[in-house]
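Colleague: I would like to learn how to read a model of this kind. Could we go through a few features in turn?

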Number of protein chains: 2
Amino acid sequence: MPKHEHVSISVIRRLPRYYRFLGDLMKLGFSRISSQELSQRMGLTASQIRQDLNCFGGFGQQGYGYNVDMLHSELGSIMGTNMSYPVIIVGAGNIGRALAMNINFGATGFRLSAIFDNSPSVIGTTISGLTVMDVSELENYCRENRPKVAVLTIPRAAAPSVVSSLVDLGVKGFWNFSHYDFSVKYKEKGIIVENVHLGDSLMTLCYLIKSAGEE
Amino acid sequence: MPKHEHVSISVIRRLPRYYRFLGDLMKLGFSRISSQELSQRMGLTASQIRQDLNCFGGFGQQGYGYNVDMLHSELGSIMGTNMSYPVIIVGAGNIGRALAMNINFGATGFRLSAIFDNSPSVIGTTISGLTVMDVSELENYCRENRPKVAVLTIPRAAAPSVVSSLVDLGVKGFWNFSHYDFSVKYKEKGIIVENVHLGDSLMTLCYLIKSAGEE
């Protein structure tokens, strides 16, 4: 697999979207598609699509377009959808439970292996086939099972100490719903953080609706 | 309030982040901050911050920086955090429930006014102080209460007919968790859609972890 060192984060963030659209096209029975057709469906310019995909080697053929199955599979392996990285969820509150039950971790390169919480009313319950473990078992669990990624669905105030422990225990990446801001020291250690701020998305919607109303 | 017609969506998407950081600074007791300090905390360049904020009129003073309270309040009113637009949640499954319980709609310009589902086991239960209504009551509810926005937390297959009804009933915006792709006709009607694809975020994390491992 070639390395893609100079690919910008904006291009990387569009890959899952291409992958989704191609998956939909496969379900609809398409076997090939031109960059023009793909651009109309995705609301991007054809030249943007060509540029994006060229970052990873050209996949299209002049006059033919893209082979849908092949491009879907190539993008999947570029993103690592087959990696099956073990992931744990820390925090089995509303958001943690909803993610455990609704996110298809297997299809996105992960394997949900454990869920932790500190509340006696939640510990021992079953979510998505996993028994919620006491957060006091986190350290032993990580030493034995070496999870690669943690989903943080704990209150912000609880995050600093949990993050610090998890990094010491070898966790390399965080899917962070806690609103905790990872400091530069973690970046310097090579820790990867994907922050999700649902409130930011909702505020953007508010701005757009307000602006539309002012026209 | 001046209109901001030529502001790019990337700048708009950074506003909630500025707003969050400024809110944090207020809690920490900061009354003013230079664009340099703000840039270090946010991981953006000082010039980027000045450019972004200049889109809405300059808020800083040479040699003083930004007044934290004032900038926070100005950004809030630009985004419409005080608008209190009525919003309904359609789909009281795991994600719908988690959003109802965890998102601070009031702080982001909205007011959660009703929740709908089609499952007899969920209808009549209480979530976040609201009794879940039967989706068959949706039309009457909308005629009487004119919700501005709908959160779509229903399966993708159910979305087309629900969206079509809601638009006819005057809903102007959607916070869309359903993976349904709104067609161009809705855009032409001025419908605003904010799509949330949590899976895309997770796949981005997978790519970044995989890439880091290949270094």
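This is a predicted model: local features need pLDDT of at least 70, side-chain atom pairs count only at pLDDT 80 or more; totals for chains, interfaces and linings use all residues.

Colleague: At what angle do helix H9 of chain A and helix H1 of chain B pack?

Modeller: Two packed helices are described by the angle between their axes and by how far apart the axes lie. Here H9 (residues 198-214) of chain A and H1 (residues 9-27) of chain B pack at about 125 degrees, and their axes are 9 Å apart. H9(A) and H1(B) are therefore oblique to each other. Their crossing is right-handed.

Colleague: Which residues of H9(A) and H1(B) meet?

Modeller: From H9(A) come Gly199(A), Asp200(A), Met203(A), Thr204(A) and Tyr207(A). They meet Ile12(B), Arg13(B), Leu15(B), Pro16(B) and Arg17(B) of H1(B). By type, the residues of this contact of H9(A) with H1(B) are five nonpolar, two polar and three charged.

Colleague: How many residues does the contact take from chain A and from chain B?

Modeller: The size of an interface is often given as the accessible area lost when the parts come together. For this structure I can give residue counts: 45 residues from chain A and 45 residues from chain B. On the side of chain A that touches chain B, the elements giving two or more residues are helix H1 (9-27), helix H5 (94-102), strand S9 (173-176), strand S10 (192-195) and H9 of chain A. H9(A) provides the largest share of that side, 15 residues. The residues on that side of chain A divide into 24 nonpolar, eleven polar and ten charged.

Colleague: Is His72(A) buried or exposed?

Modeller: His72(A) counts as buried because it has 20 C-beta neighbours inside 10 Å, and 20 is the cut-off for that class. This residue lies in helix H4 (residues 68-79) of chain A. Leaving out residues up to four places away in sequence, His72(A) touches Tyr19(A), Leu22(A), Gly23(A) and Met26(A). As for Gly129(A), 57 residues from His72(A) along the chain, the C-alpha atoms of the two are separated by 30 Å.

Colleague: Now the backbone. What is the phi of Arg146(A)?

Modeller: Most residues other than glycine have a negative phi. Arg146(A) is not a glycine, yet its phi is positive, about 50 degrees. Arg146(A) sits in the loop between H6 and S8 of chain A. It counts as partly exposed, with 13 C-beta neighbours inside 10 Å.

Colleague: And where is Ser84(B)?

Modeller: Ser84(B) is in the loop between helix H4 (68-79) and strand S3 (85-90) of chain B. Its phi is positive, about 55 degrees, although Ser84(B) is not a glycine. Ser84(B) is partly exposed, because 15 other C-beta atoms lie within 10 Å.

Notes
Residues are numbered from 1 along each chain as its sequence is written. Chains are lettered from A and ligands numbered from 1 in the order in which they are written. Helices (H or I, at least four residues) and strands (E, at least two) are DSSP runs, numbered from the N terminus. A residue is buried if 20 or more other C-beta atoms lie within 10 Å of its own, exposed if 12 or fewer, and partly exposed in between; C-beta atoms are placed from the backbone. Two residues are in contact if their C-beta atoms, placed from the backbone, lie within 7 Å. Axes are lines fitted to C-alpha atoms, for helices over the stretch in contact, and angles run from 0 to 180 degrees between N-to-C directions. Angles under 35 degrees count as roughly parallel, over 145 as roughly antiparallel, 65 to 115 as roughly perpendicular and the rest as oblique. A crossing is left-handed if the near helix is turned anticlockwise from the far one by less than a right angle, and right-handed if clockwise. Ala, Val, Leu, Ile, Met, Phe, Trp, Tyr, Cys and Pro count as nonpolar, Asp, Glu, Lys and Arg as charged, and the others, Gly among them, as polar.
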